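Q: I'd like to learn how to read a fold feature by feature. Can we walk through one together?

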Amino acid sequence: MQRHVITLGVTACFVLAACGGTSDSASEQPDTATVETDAPAETAAPVTEPPESEPEPAATEPAVAEQTATEPPVTDAMVDEPTGLAGEWDVFDPASDCVCADGSEFVLWERPADPTKVVLYFEGGGACFTEESCDFENGTYTSSIDITEPPTDSGLFDATNPENPLADHSIVYVPYCTGDVFLGDETTTYGDLEVRHNGFVNASAGFDLLLANYPDAEQVVVTGASAGSVPTPLFAGLASDRYPDTTDIVTFGDSSGGYPDVGVINATIGSLWGTMNNQPAWPVAEGLTAEEFSIPGLYVLAGTHAPEVRYARFDYAFDQTQAFFGSLAGVQADELVTLIDATEALGETSGIQISAYVAPGSTHTIMRSTEVYELEVEGARLIDWLTELFGGTSPADVHCVDCAG
């Protein structure tokens, strides 16, 4: 891991890469700080929004470090109804360089089921880029995790719901506690606060667990919500390298489609988080600059390298969390759906198909909610759309007409 010491106030637009929070504080007054850094010096509006969080997990017994994964049963054929393959959540203590932003312990979770179908899930939970927003107690992100509490079996994790297309999939769950949308590899000092932007390292540990425990996977689903949806194209591309014989690798990014590609934002956040420290060794990434490395650009990067991967994403047209962060960069909230559509257009003008489902309203994230089974837009139920996606084909785009609805 690189070490990067910075004391600064970033521009308000830097928050554009953050995927957590709500819109209640959009009108707060800006704060400033002295800048002593090699990164571009800017002025910023602080963010005091609470991070996007996962559903409250159920309590369990304290985790035991370094459990040995057990081989789940194999079935000859999967049926429409859940088969009860999903086991209990196991906890894994990865390498010592996996830590949270505050230096506390980090663990991975796994729920074994069918070993031929596996989900790599990245958790959401905000982002940070200033001393105030990175505060371990009151910042705009999750800075530590409870290693004794496994994920909740809700939404697309509910193995008992007969409509769930992922009911029989094994799951590798990567918690989030680094404030860098899983792209960071840098220790940065903001004032008196030392923050470990260790997201890429932690995400890679989850990817390694996937490779170790599911070497014969026939379908790999790379997905995540909010901050966790940002790296899904990147890790799907990496999965295509490591699973050359796998017939189906698919992404599903939940709620991060509304962030534009702005060079100064890309470069400055890249400096703070160390996003350029682990660029993939792909021909398409050769010569890539920090200004060019962007959130929507990940679809172009991964899609050009691995066109066989099926890319898909979901957004609410006026997602209040994305709109809030966009507004700090001068993007009007009523323009969010335009930016969401631009993300898809950016990929498709590069020859990359991205299946998109855009729903009306201002909610943030859906896949861990019961709403994933209830939402219907223009006559198309989301759960049917996802069943088609995870069933092996790329569904047609679904887009709201009355998007403010």
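Q: Let's start with strand pairing. In what sense do strand S8 and S9 pair, and over how many bridges?
A: Bear in mind that this is a predicted model. To read a pairing, look at the direction of the two strands and count the bridges. Here S8 (residues 219-225) runs parallel to S9, with seven bridges between them. One of the bridges joins Gly224 to Gly253 in S9.

Q: Which strand pairs with S9 over two bridges?
A: That's S10 (residues 311-316), and this pairing is parallel as well. Look for Asp254, which stands opposite Phe314 in S10.

Q: How do I read the two faces of a strand, and which residues of S9 lie on each side?
A: The general idea first: side chains in a regular strand alternate between the two faces of the sheet. In S9, Asp248, Val250, Phe252 and Asp254 make up one side, while Ile249, Thr251 and Gly253 make up the other. Both faces are covered, with all of these residues buried. Since seven of the seven residues of S9 (residues 248-254) are buried, the strand is largely enclosed by the rest of the structure.

Q: What about a helix: how many residues of H3 are buried?
A: For a helix, keep the geometry in mind: there are 3.6 residues a turn, so positions three or four places apart point the same way. In H3, nine of the eleven residues are buried, so this helix is largely enclosed by the rest of the structure. The buried set runs through Ile265, Asn266, Ala267, Thr268, Ile269, Gly270, Ser271, Leu272 and Trp273.

Q: Next along, where does Pro296 lie?
A: Pro296 is in the loop between H3 and helix H4 (297-305). With a relative accessible area of 6%, Pro296 is buried. Beyond four places in sequence, its contacts are Tyr259, Pro260, Asp261, Thr343 and Leu346. Pro296 and Gly347 are 51 residues apart in sequence, with 8.1 Å from C-alpha to C-alpha.

Q: How do I read a nonpolar core, and which residues have the most contacts inside the largest one?
A: The largest core here has 66 residues, and Leu210, Phe235 and Tyr243 have the most contacts inside it. Helix H1 (residues 199-213) contributes the most to this core, with eight residues. Take Tyr243: leaving aside neighbours within four places, it contacts Leu210, Leu211, Tyr214, Pro215, Ala217, Val220 and Ile249. Another core lies apart from the largest one; it has 41 residues, including Leu166, Phe252, Leu375 and Leu389.

Q: What can polar side chains in loops tell me? Which backbone atoms does the side chain of Asn164 reach?
A: Asn164 sits in the loop between S4 and S5, and at 6% relative accessibility it counts as buried. Its side chain has a polar atom 3.1 Å from the backbone oxygen of Leu156, and it also reaches the backbone nitrogen of Leu166 at 2.9 Å. Not counting residues up to four places away, Asn164 touches Gly155, Leu156, Phe157, Asp158, Ala159 and Tyr373.

Q: Which backbone oxygen does Ser143 reach?
A: The one of Phe136, at 3.0 Å from the Ser143 side chain. Ser143 is in the loop between strand S4 (114-122) and strand S5 (169-174), and is buried at 5% relative accessible area. Beyond four places in sequence, Ser143 touches Cys100, Ala101, Asp102, Ser104, Phe136 and Cys177.

Q: Zooming out, how many helices and strands are there?
A: The protein chain has seven helices and 14 strands. Of its 405 residues, 59% count as buried. Among contacts between residues at least 6 apart in sequence, 79% join residues at least 24 apart.

Note on methods: Residues are numbered from 1 along each chain as its sequence is written. This is a predicted model: local features need pLDDT of at least 70, side-chain atom pairs count only at pLDDT 80 or more; totals for chains, interfaces and linings use all residues. Side-chain values use heavy atoms; hydrogens and water are left out. Buried means under 20% relative accessible area, exposed over 50%, partly exposed in between (1.4 Å probe, protein chains only). Helices (H or I, at least four residues) and strands (E, at least two) are DSSP runs, numbered from the N terminus. Two strands pair if DSSP finds at least two bridges between them. A polar contact is a pair of N or O atoms within 3.5 Å; within protein, one must be able to donate a hydrogen and the other to accept it, and residues adjacent in sequence count only if both atoms are side-chain atoms. Contact means heavy atoms within 4.5 Å. A nonpolar core is a set of buried Ala, Val, Leu, Ile, Met, Phe, Trp, Tyr and Cys residues joined through side-chain atoms within 4.5 Å.
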